[in-house]
Amino acid sequence: MNNENKALEEMEILNFLRELKHAYHKNELVFTEGSCFRLYSILKTIFPQASPYYSQIEGHWLTEIDGKLYDINGEVSEDYVEHKKYEK
């Protein structure tokens, strides 16, 4: 995938997450406190290359797509992922 296509896909991911988050006023809570793996499952149906990452410290799942990690709030920083010891 070239850089232009990667940038477009990243925009699609972020736009989807933003729309989902704001579709219902409690979606942020739903997808950060109990249904974070379900969010991964949803993203996996749209982006088949998605992989789950889990943190024992946080008790939270992230979704990795093409080297970037996401949750309902958008892209998650590498520093945060390392600090909270997320693993594939």
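This short talk describes the fold of one protein chain and then a few of its residues. The structure is a predicted model, and every value I quote is computed from that model.

I shall begin with the overall architecture. The protein chain contains 4 helices and 4 strands. Followed along the sequence, these elements give the pattern α-α-α-β-β-β-β-α. The radius of gyration is 13 Å, close to the 12 Å that the globule rule gives for 88 residues, so the protein chain is as compact as a globular protein of that length. Along the principal axes, the C-alpha atoms occupy a box of roughly 35 × 30 × 20 Å.

How much of the protein chain is buried? Of the 88 residues, 34% are buried. The accessible surface amounts to about 5800 Å², and carbon and sulfur atoms account for 49% of that surface. As for the contacts between residues at least 6 apart in sequence, 53% link residues at least 24 apart. On charge, there are 10 positive and 16 negative side chains, and the centres of these two sets are 5 Å apart.

Strand S2 covers residues 60-65, and histidine 60 lies in it. Is histidine 60 buried or exposed? Its relative accessible area is 8%, under the 20% limit, and histidine 60 is therefore buried. Which side chain forms a polar contact with that of histidine 60? The partner is aspartate 71, at 3.4 Å. Beyond its neighbours within four places in sequence, histidine 60 is in contact with Phe31, Thr32, Cys36, Tyr53, Tyr54, Ser55, Asp71 and Tyr86.

Isoleucine 65 also belongs to strand S2. With a relative accessibility of 1%, isoleucine 65 counts as buried. Setting aside residues within four places in sequence, its contacts are Glu9, Ile13, Phe47, Gln49, Ala50 and Tyr70. Glutamate 9 is 56 residues from isoleucine 65 in sequence, yet their C-alpha atoms are 9.5 Å apart in space.

The next residue I wish to show is aspartate 66, in the loop between S2 and strand S3, the latter spanning 68-71. Aspartate 66 has a phi near 50°, which is a positive value in a residue other than glycine. Its relative accessible area of 33% lies between the 20% and 50% limits, so aspartate 66 is partly exposed.

A second residue with positive phi is lysine 85, where the angle is about 55° although the residue is not a glycine. Lysine 85 sits in the segment after helix H4, which runs over 78-83. At 58% relative accessibility, over the 50% limit, lysine 85 counts as exposed.

I move on to helix H3, residues 36-46, which includes lysine 44. Lysine 44 counts as partly exposed, at 32% relative accessibility. What lies around the side chain of lysine 44? One of its polar atoms is 2.6 Å from the backbone oxygen of proline 48. The backbone oxygen of alanine 50 is 3.1 Å from a polar atom of the lysine 44 side chain. Not counting residues up to four places away in sequence, lysine 44 touches Gln49 and Ala50. Lysine 44 and isoleucine 65 themselves are 21 residues apart in sequence, with 8.9 Å between their C-alpha atoms.

Finally, I come to helix H1, residues 3-23, which contains glutamate 10. Which side chain does that of glutamate 10 meet in a polar contact? It is lysine 68, at 2.9 Å. Apart from residues up to four places away in sequence, glutamate 10 touches Lys68, Tyr70 and Glu75.

Arginine 18 and glutamate 28 are 10 residues apart in sequence, and their C-alpha atoms are 9.9 Å apart in space.

To close, I would return to two side-chain pairs in this predicted model. Histidine 60 is joined to aspartate 71 by a polar contact of 3.4 Å, and glutamate 10 is joined to lysine 68 by one of 2.9 Å. Thank you for your attention.

Conventions:
Residues are numbered from 1 along each chain as its sequence is written. This is a predicted model: local features need pLDDT of at least 70, side-chain atom pairs count only at pLDDT 80 or more; totals for chains, interfaces and linings use all residues. Side-chain values use heavy atoms; hydrogens and water are left out. Helices (H or I, at least four residues) and strands (E, at least two) are DSSP runs, numbered from the N terminus. Buried means under 20% relative accessible area, exposed over 50%, partly exposed in between (1.4 Å probe, protein chains only). A polar contact is a pair of N or O atoms within 3.5 Å; within protein, one must be able to donate a hydrogen and the other to accept it, and residues adjacent in sequence count only if both atoms are side-chain atoms. Contact means heavy atoms within 4.5 Å. The radius of gyration is taken over C-alpha atoms; the globule rule is 2.2 Å times the number of residues to the power 0.38. Accessible areas come from the Shrake-Rupley method with a 1.4 Å probe; for residues, only the protein chains shown count as cover. Lys and Arg count as positive and Asp and Glu as negative; His and the chain ends are not counted. The place of a charge is taken as NZ of Lys, CZ of Arg, CG of Asp or CD of Glu.
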